[in-house]
Amino acid sequence: MVTVHDILQFINTLAPTSMKMDWDNVGLLCGSRSRQVRKVMVALDPFENVCKEAALEGADLIVTHHPLIFRAPTALTDDTALGRCVLFLAQNNISAINAHTNLDCAPGGVNDVLAQKLGLRDIQVVNPSGTTVDGLDWGLLRMGNVDAQDLATFLSHVKTALGCQGLRYTDSGKQVCKVAVGGGACAGEMGLAIKAGCDTFVTADIKYNQFFDAKNLG
C-alpha cells in the first residue's frame, strides 16, 4: 500500500525540503500522511478547478509546483478561494503536496530542465547554495553557453523551445553567448547572473522597472 507519506518521502529524495528558499512553504499542506494513494493528479497550481478535477477523476492526492497555502491564513472559510479549496479537498479526502523552490534549486529540477530545453552547454549552478552528498552543486539559477548569436535569433529559439506564444524582453545590444535561467520570479537575482558573466537572462514575472535595470546594466 502506497501512502501520502511514501510519496512525500520520495519527492524529498528528489528535491529535499532543505533546498527551499527561506520564505517558501512546501511539503504536505493538506490531508493525512497515512492516507492510501491509488491515483495522483499533477498540476502547476492547486486552483479550484484543479481540486474539482482531482475529485472527478478519483485522485487521492494532488502534487503541485505552487503551494496550496503560501502565507498562513487567519481563517479558512468558503468566502475565499483558498478556503474553498482546502475545505473541498478535506471534504473529498484528497491530500495536497507541493515542491516549489526546492524543486527549482534541486539538481535535475526545474531550472536544470529549463537550461537543457534551451540547449545550453556546460550548465552550471550560479552561486551555489550547497552541495549534495553526491557532490552536486545546488542553487536557484543555472547558466550555460550557446553559440554566439543575435538576440532576435535567440528569442525565436526560446519561443520554439518553450512553446511560448510571446516574449517580453529588453535588448542590451550585445550578442547572446552566456545565458542564465531561472523559472518563476527570479528577476531579483539578475545581479548574480551579471556577476557570473552572463549577457542574457531568461526568467518570468519580471517587474516593469527591472527591464530598464537590465538595459542600463547591459
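This report describes a predicted model of one protein chain, from its overall make-up to a few single residues.

## Basis of the model

Residues are numbered from 1 along each chain as its sequence is written, and side-chain values use heavy atoms, with hydrogens and water left out. Because the model is predicted, local features need pLDDT of at least 70 and side-chain atom pairs count only at pLDDT 80 or more, while totals for chains, interfaces and linings use all residues.

## The chain as a whole

The protein chain contains eight helices and 10 strands; these are DSSP runs numbered from the N terminus, with helices being H or I of at least four residues and strands E of at least two. Its C-alpha trace spans about 55 × 40 × 30 Å along the principal axes. Of the 218 residues, 40% are buried (buried is under 20% relative accessible area, exposed over 50%, partly exposed in between, with a 1.4 Å probe and protein chains only). Taking contacts between residues at least 6 apart in sequence, 60% join residues at least 24 apart, where contact means heavy atoms within 4.5 Å.

The accessible surface of the protein chain is about 12100 Å², and carbon and sulfur atoms account for 53% of that surface. Areas come from the Shrake-Rupley method with a 1.4 Å probe, and for residues only the protein chains shown count as cover. There are 18 positive and 22 negative side chains, with the centres of the two sets 2 Å apart. Lys and Arg count as positive, Asp and Glu as negative, and His and the chain ends are not counted; each charge is placed at NZ of Lys, CZ of Arg, CG of Asp or CD of Glu.

## Cysteines

A disulfide is a covalent bond between the sulfur atoms of two cysteines. The structure holds zero disulfides, the criterion being a pair of cysteine sulfur atoms within 2.5 Å. Cysteine 30 is in no disulfide, and the nearest cysteine sulfur, in cysteine 51, is 8.3 Å away. Cysteine 30 has a relative accessible area of 9%, so this residue is buried.

For cysteine 177, the closest cysteine sulfur is that of cysteine 198; the distance is 11 Å, which is too far for a bond. Cysteine 177 is partly exposed because its relative accessibility is 31%.

Alanine 148 belongs to strand 8 (residues 141-149). Beyond its neighbours within four places in sequence, alanine 148 contacts Gln175, Val176 and Cys177. Lysine 178 is 30 residues from alanine 148 in sequence, with a C-alpha to C-alpha distance of 8.5 Å.

Threonine 200 is part of strand 10 (residues 200-202) and has 14% relative accessibility, so it counts as buried. Neighbours within four places aside, the contacts of threonine 200 are Phe154, Val176, Lys178, Val179 and Ala180. Its side chain makes a polar contact of 2.7 Å with the side chain of aspartate 199. A polar contact is a pair of N or O atoms within 3.5 Å; within protein, one must be able to donate a hydrogen and the other to accept it, and residues adjacent in sequence count only if both atoms are side-chain atoms.

## Positive phi in two loops

Asparagine 93 is not a glycine, yet has a positive phi of about 55°. Asparagine 93 sits in the loop between helix 3 (81-91) and strand 4 (95-98). With a relative accessible area of 43%, asparagine 93 is partly exposed.

Aspartate 205, which is not a glycine, has a positive phi of about 55°. This aspartate is in the loop between strand 10 and helix 8 (208-216). Aspartate 205 counts as exposed because its relative accessibility is 58%.
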